[in-house]
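The following exercises concern the structure shown below. Each task is followed by a solution in steps.

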Amino acid sequence: MLNTIKIIIIDDDQTIIEALTEMLELEGFQIESHFRADKAIAMLDKNSPAVILSDVRMPKMDGMDLLTHIQKLDNELPVLLMSGHGDIPMAIEAMKEGAYDFLEKPLKPAQLINQLQRAAEKRQLILENRKLKQNLAQQTGLETFIIGESAAIKNIRQHISSLAQANVDTIIYGETGSGKDVVARALHQFSLRNKGRFIAINCGGISESLIESELFGHEAGSFTGANKRHIGKIEAANGGTLFLDEIETMPLPVQIKLLRVLQERAIERVGSTIPIPVELTVIAASKDNLAQLGDEGKFRKDLFYRLNVASLTIPPLRDRPEDILPLFHHYAQKAAEHFSREIPSITPTYLDYLIQHQWPGNVRELKNSADRFVLGISENSLASIKREEDLNGSYEERMDQFERHIIEEGLRATNGLLNEAAELLDMSRKTLYRKMKKHQLDKQQFKSLEEEGQE
């Protein structure tokens with residue numbers, strides 16, 4: 001343990017540094033020394049495997065100022081201060097400000113070694129706990145990144161876990177506002193390229209005359225107005241992920257150049273013939289079926305085949321009502337933090353509206369509703385919401401309809417296999433069976449023809 005934690009000695013007296021270094025190295029400590037506190041701080045970060053042992057009386061930055069800086073950097077990094085002036089008020093103040101200990105010179109070797117060992121053990125434990133939390137966050141992070149309880153969203157999370165580790169080019173399908181960019185960022189965040197950049201470009205938001213330069217870059221003088229070299233989005237994404245949103249709008253000539261990049265993993269800037277190697281994952285998103293567009297001659301089939309190593313489809317929010325409330329609570333919490341407001345209580349009337357609304361704008365519309373709700377303007381607009389005639393039942397009746405829809409989707413997704421459906425819906429088989437009986441659902445009606453043929 002002592003070999004992994006450094007003891008950083010800070011003192012403007014070289015004799016003291018040499019004496020402490022010799023003594024502590026004999027005890028197995030790894031030592032680093034500095035004559036100035038500001039020099040030592042420059043070498044530290046929030047997760048430095050270190051314990052600070054510093055004199056108080058030093059020029060430019062004294063021990064108390066050092067303690068203040070360390071507390072801002074990482075208030076769990078142990079700082080032991082030492083002074084030969086018998087300054088009891090200072091010792092009290094140092095401990096109050098977060099010092100691990102205050103030692104009086106001349107130092108007692110046994111006491112010093114004991115305190116440094118304890119501080120080093122504490123620091124080691126803190127760093128191990130931080131690493132554990134980080135690992136756990138990586139393992140469960142998808143559930144807080146891709147939010148929802150529907151069978152479709154659970155399936156997407158499973159696919160992201162597999163695809164992210166493979167770094168394969170992927171197409172994401174979904175309506176406008178369904179969260180294609182969130183899925184793309186998740187594929188990057190949980191991939192082996194997550195240290196690289198995530199570069200996004202909306203192909204539909206750039207004019208045809210500019211998109212080639214934006215993607216591939218250009219050399220100075222390559223066209224009128226090109227006064228200097230420009231690095232394109234593909235080159236900027238080297239080592240990371242390139243996200244091409246609304247790729248169905250990309251002009252056909254640009255599609256040809258993109259295909260060459262995917263095949264050769266190299267680009268040529270506009271106005272240059274020198275290939276530049278690139279290593280990146282390409283994620284494309286479209287609200288239209290690219291295969292169908294290919295058949296219609298509106299999208300290059302060879303580019304589609306090259307991109308379509310894997311694909312994900314995000315169903316519209318209206319087809320996964322069980323995701324509405326988790327998403328709404330998530331965005332309401334975000335809005336409350338952003339606007340410094342408390343989240344109001346959700347009335348049965350507003351809850352009913354959330355569940356029954358068709359959400360043509362998908363998750364983007366839901367997020368805006370959460371913002372308005374936190375700001376207190378949603379209830380006033382409820383009176384103007386047109387309800388369908390078949391939504392005149394009681395609150396309990398509508399909640400029963402909602403529950404039935406969830407059970408039906410789980411059974412449909414698993415072809416009526418009860419064990420798998422129960423696991424997917426996160427409930428016991430007994431609970432699932434009871435709810436099926438309540439809603440008069442028969443597992444046979446959810447079995448596919450292939451499943452029935454196997455029985």
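**Exercise 1.** Classify the lining of the largest pocket, then state its volume and the elements that supply it.

*Solution.* By class, ten residues of the lining of the largest pocket are nonpolar, five are polar and six are charged. Here Ala, Val, Leu, Ile, Met, Phe, Trp, Tyr, Cys and Pro count as nonpolar, Asp, Glu, Lys and Arg as charged, and the others, Gly among them, as polar. The lining consists of 21 residues, and Phe145, Gly179, Val182, Tyr331 and Val363 lie nearest the centre of the pocket. At least two lining residues come from each of α5 (109–145), α7 (180–189), α13 (324–339) and α15 (362–374). The volume of the largest pocket is about 480 Å³.

Terms used: on a 1 Å grid over the protein atoms alone, a pocket is an open set of points with protein on both sides within 12 Å along at least five of seven lines, a cavity is a set of points where a 1.4 Å probe fits but cannot get out, and lining residues have an atom within 4 Å of a point. Grid points are joined across faces, edges and corners, and a volume is the space filled by probe spheres set on the points. Helices (H or I, at least four residues) and strands (E, at least two) are DSSP runs, numbered from the N terminus.

The model is predicted: local features need pLDDT of at least 70, side-chain atom pairs count only at pLDDT 80 or more, and totals for chains, interfaces and linings use all residues. Residues are numbered from 1 along each chain as its sequence is written, and side-chain values use heavy atoms, with hydrogens and water left out.

**Exercise 2.** Describe the largest cavity and its lining.

*Solution.* The count comes to one cavity of 30 Å³ or more. The largest cavity has a volume of about 60 Å³. Among the residues that line the largest cavity are Leu163, Asn167, Thr170, His188 and Ile283. α6 (151–166), α7 and β11 (281–286) each give at least two residues to this lining. Its classes are five nonpolar, six polar and no charged residues.

**Exercise 3.** Which residues of α8 are buried, and what covers them?

*Solution.* In helix α8 (208–216), Ile211, Ser213, Leu215 and Phe216 are buried, that is, under 20% relative accessible area (1.4 Å probe, protein chains only). Their cover includes β7, α9 (233–236), β8 (241–245), α10 (252–264) and β9 (266–267). Just after α8, Gly217 takes a positive phi of about 80°.

Technical notes. Buried means under 20% relative accessible area, exposed over 50%, partly exposed in between (1.4 Å probe, protein chains only). Contact means heavy atoms within 4.5 Å.
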